[in-house]
Structures are given as C-alpha cells and as structure tokens.
Amino acid sequence: MSFRPPKGTDDILPPDSRRWRRVLRAFDDLAERFGYDLIVYPVFDSTEIFARGVGEGTDVVQKEMYTFKDRGGRSITLRPEATASVVRAYLASGSQIPMKLAYAGPMFRYERPQAGRRRQFWQVGVEYLGEDSPQADVEVIELGYRFYQTIGLEGLEVQVNSLGDPTSRAAHRGALTEFLEGIRSHLSEDSRTRIETNPLRVLDSKEDHSKLQGAPLPAEFLSDESVEHYAAVKQGLQQASIPFVENPRLVRGLDYYTRTVFEYVATRLDVAQNAVGGGGRYDQLAEVLGGRHVPAVGFSLGIDRIVLALGEEAGLRPALDAFIIVADEQRRQAAVGLVRELRARHLRADMEPGPRSVKAQFKSADRRQALYAIVVGDEWDDGEVTIRDLDKGEEVRVARERISTYLRIGGEAE
RNA sequence: GUGGCUGUAGCUCAGUUGGUUAGAGCGCCGGGUUGUGGUCCCGGAGGUCGCGGGUUCGAGUCCCGUCAGCCACCCCA
C-alpha cells in the first residue's frame with residue numbers, strides 16, 4: 001500500500017495550502033469587485049464539447065485528455081480547460097447576455113509531469129460573454145493584471161497579439177501553409193505534420209524558431225475591423241496604465257481564439273513554466289458548439305504556477321491571532337467562552353480541547369503559529385487575562401473586554 | 001511519445017579505492033520540579049540502504065533488470 005497521490009497529482013497541505021488559500025481568496029474577491037458572478041459547473045463533460053470547442057487538431061484534444069466511457073456508455077472527459085464548458089453552460093441556461101462569470105477549480109490533462117506541469121492543476125478565470133467591445137478585452141486583461149499585483153507577483157509581463165477574424169485567419173492560414181510547404185524539408189517532424197493539422201502552431205515552435213524568419217504573421221492579414229479593434233484594445237491598456245508588449249508570434253494553443261490573444265508571463269520562472277495565465281477573445285466558440293453568435297473574451301490563470309512563482313519568500317501571516325491557554329481546569333469554561341467570543345468577532349482563535357500542562361499548551365500555541373497566547377488563570381477573577389506576544393516574548397495584562405481590540409491593534413495604542 | 005538525473009531514518013542529505021554494530025541536521029517523544037512556547041542543554045525512539053537478480057570471502061558502494069520520483073523536449077496554465 002502506497003500513500004503517494006497518483007502520478008502528476010499533489011496533496012497540498014499546510015503551510016503551502018495557506019498560500020493557496022490566500023491566492024484563491026484574492027481572486028474571488030477581485031472578480032466579485034469587477035462584477036463577475038460565480039459559475040460552478042461539472043468537472044467532467046461530454047467529450048464532444050472539448051473535441052469541438054477546443055479543436056480536434058490541438059494537442060490538448062489529440063493526446064492529453066482523460067477520456068473514458070461511463071457505465072451508461074457515454075464518452076466522458078475530465079475538463080482539460082474551462083472555456084468550452086462555460087460557454088456550453090451558458091447556452092444551456094438560455095441566460096441573458098452580457099454575462100460575466102468567474103470560476104475556480106481543478107483541470108486535468110494527461111501529460112508527463114514536470115515542474116509547473118501537473119496532471120491535475122488548478123485554474124481560476126473569467127469569461128465575459130456576449131460582449132463585442134474592445135473595452136471588454138481591456139477589462140479582462142486588466143482584471144488579470146490587478147490580480148497579479150494584488151498577490152504581489154513580481155516580474156510579470158503582459159503579452160498581446162491579434163489573430164484576426166475568421167476571414168483574415170483563413171487568408172493568413174493559406175499564406176502560412178504555402179510558406180511552410182516551401183521550407184518543409186527543413187522543419188522538424190512535429191512541425192511538418194502541423195502544416196496540415198494546425199499551421200498556426202508552428203509559429204511559436206521553440207524548435208524551428210530560427211527557420212521562420214519572414215513567415216507570414218497574423219497581423220499582416222487583419223481586416224480593417226480587426227485592426228481597429230486591436231488598436232482600441234492597446235489604447236485601452238495604455239489608458240489603464242497596464243504595461244504590455246506586443247508579441248506578433250503569440251498564437252495560443254486552443255483553436256477557438258479570434259482577434260485578441262494575451263498571455264501573462266512570469267519572468268522570474270524558467271521558460272518551461274513561465275506562462276502563468278492566458279486568454280483571449282473567442283467570438284465563434286458558441287456557434288462551433290451549436291449555439292447562436294456570442295462574442296466573448298476571457299482568461300484562465302494557473303494557480304500552481306502562480307504559487308510556484310510567488311516562492312517561499314512571499315510572507316505568510318501567522319495562522320492564528322490567538323491561542324487560549326487554560327491555566328487551571330476550573331477556568332476551562334471561561335476559556336471556551338473567550339474563544340467563542342473572539343471567533344464571533346472575526347478573529348482567528350483556538351485552544352486545546354482537553355486538559356494539558358501549561359507548558360504543553362504554550363508549545364501548541366507556538367506550533368500553531370499564533371500571534372498571541374492568552375492565559376486564562378487567576379487574573380480572570382480580576383477581570384483580566386495575560387496576553388503574551390509569542391514573537392517578542394512580552395506579556396501584558398489586559399482587561400477582558402479589551403481583548404479583541406488589543407489583538408487587532410497589536411497593543412500599539414496601549 | 002523522446003532524452004537526462006536520482007532512489008540510504010518522517011524530511012533534507014553524507015557515506016571515502018567494496019571491508020566489522022550505516023551517520024548528520026531538521027522533525028518527533030521525554031527530561032532540565034510546581035502558570036510560559038520558540039532559543040539553549042541532556043536523553044530516547046526511528047532504517048530489510050526502492051525492489052529482483054548477478055559478481056565477490058565480503059555489496060549502501062560494482063554490473064544487469066525493474067519500479068518509482070524529479071527535470072527537460074513537445075505542449076500548455
């Protein structure tokens with residue numbers, strides 16, 4: 001019997017999980033402030049949704065999906081990404097648009113695990129459905145950017161590009177295919193098969209990067225409307241003071257993107273895992289799934305990689321505000337009452353549930369990483385407790401009714 | 001799917017040209033007396049050296065196989 005989690009999965013426990021909690025909370029809070037409602041939807045969905053939505057030619061669909069038959073003979077796939085399912089859920093609901101949705105949860109891709117690449121990984125994201133305006137693109141990109149700012153991720157780069165609308169994409173694809181055929185014999189085997197399946201992907205191949213000088217880029221084929229849209233997005237980003245760089249070769253790996261695409265790159269991580277988030281506009285996806293025309297834009301951010309990029313030094317605050325210590329068992333009920341009261345006042349408080357020596361209780365307080373230990377003993381009869389700052393080692397007597405205030409202000413006003 | 005690296009205590013690792021009872025740090029448990037942790041001191045528990053086979057008088061150390069983990073390519077978050 002092995003207790004290891006399955007290949008490519010991780011158990012996230014304290015103290016790491018505290019970092020996760022902080023990041024997830026920050027996202028939830030920010031998305032809510034930007035007006036995004038929560039969407040909760042299945043972790044698995046019909047295989048067809050992903051095959052059609054993400055694109056038959058993509059690596060994700062061709063070799064990375066967890067697909068199986070359920071007991072009813074249906075082909076089921078664990079979601080490898082969010083957007084296709086979210087659009088499916090929206091179409092199923094018949095809700096009004098525009099609609100702004102945020103999600104968080106695990107995604108699954110069957111890959112060889114390595115740093116920052118797991119078979120189960122968490123993404124948070126938003127989808128702005130039913131909105132065509134470049135302002136929506138800007139808002140989405142800004143939300144992601146503010147999120148990274150909020151959690152204190154340093155060295156973040158925002159890359160943007162435009163892939164154009166279906167017409168210009170087709171024109172570009174034709175020209176690119178022709179170009180690639182011309183240099184076919186110089187390309188890697190992977191790139192060669194992609195000439196037929198997904199020529200766009202060859203553009204950001206690391207392997208053949210040097211051979212692609214002069215290859216036609218999406219930007220050269222944009223329609224007037226797409227040029228205008230892209231210009232408006234860039235202008236909006238400037239007005240929002242969001243630093244960005246244009247990357248004309250940025251194409252993204254999922255087929256549904258049109259016009260704006262963007263990526264958040266953590267420059268402090270190795271290239272292998274420095275894409276910590278990405279997204280774009282997907283105006284045709286709803287139709288591809290069999291619905292009506294619903295222009296939309298969204299992103300998803302990789303929590304595992306973000307936590308990786310934050311690193312150890314991103315300071316975590318202590319886990320508890322106060323650990324209550326029962327100096328003698330007669331006063332246990334008073335201590336229990338105090339814990340209850342502090343918790344009701346939104347302070348993080350805890351205590352030992354059974355009798356233990358004062359020494360052992362202090363040890364627990366320390367182990368639990370409490371900011372303060374509060375001793376409930378003889379002084380309780382005088383209406384006071386002893387509060388010990390576990391970091392500084394200093395102690396003061398504080399009136400019972402002033403405890404929560406004292407914990408909040410850290411005794412500074414004393 | 002391809003390539004590289006690594007498997008020794010709960011964790012991180014050291015183990016000399018193969019040679020007696022396999023070590024350290026951290027962690028864990030107990031103690032340094034009675035209401036004080038973390039720091040300091042003392043003591044203790046804990047390992048079929050991933051697994052299987054081979055070479056040898058003798059293997060943690062060499063060889064083969066196997067399993068597992070890590071990292072990279074590819075791709076992506």
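Modeller: Hi! In this predicted model, the centres of domain 1 and domain 2 sit 45 Å apart, taken over C-alpha atoms.

Biologist: Nice. Which residues belong to domain 1 and domain 2?

Modeller: The domain assignment of chain A puts 16–165 + 223–310 in domain 1 and 320–409 in domain 2. The C-alpha trace spans about 90 × 55 × 45 Å along its principal axes.

Biologist: And how many helices and strands in chain A?

Modeller: Chain A has 14 helices and 16 strands.

Biologist: Switching to charges: how many positive and negative side chains are there in chain A?

Modeller: There are 56 positive and 64 negative ones, with the centres of the two sets 5 Å apart. Searching the whole structure turns up 27 salt bridges.

Biologist: Let's take Arg 33. What does its side chain meet in a salt bridge?

Modeller: Asp 29, at 3.1 Å, N to O. Arg 33 is exposed at 59% relative accessible area, while Asp 29 is partly exposed at 37%.

Biologist: What about Asp 350, which partner does it have?

Modeller: Arg 368, at 2.8 Å, N to O. Asp 350 lies in strand β13 and Arg 368 in the loop between α13 and β14, so this pair ties together parts 18 residues apart in sequence.

Biologist: Is Asp 350 buried or exposed?

Modeller: Buried, because its relative accessibility of 18% falls under the 20% cut-off. Arg 368 is partly exposed at 36%.

Definitions and conventions. Residues are numbered from 1 along each chain as its sequence is written. Chains are lettered from A and ligands numbered from 1 in the order in which they are written. This is a predicted model: local features need pLDDT of at least 70, side-chain atom pairs count only at pLDDT 80 or more; totals for chains, interfaces and linings use all residues. Side-chain values use heavy atoms; hydrogens and water are left out. Domain bounds come from an automatic or database domain assignment. Helices (H or I, at least four residues) and strands (E, at least two) are DSSP runs, numbered from the N terminus. Lys and Arg count as positive and Asp and Glu as negative; His and the chain ends are not counted. The place of a charge is taken as NZ of Lys, CZ of Arg, CG of Asp or CD of Glu. A salt bridge is a side-chain nitrogen of Lys or Arg within 4 Å of a carboxyl oxygen of Asp or Glu. Buried means under 20% relative accessible area, exposed over 50%, partly exposed in between (1.4 Å probe, protein chains only).
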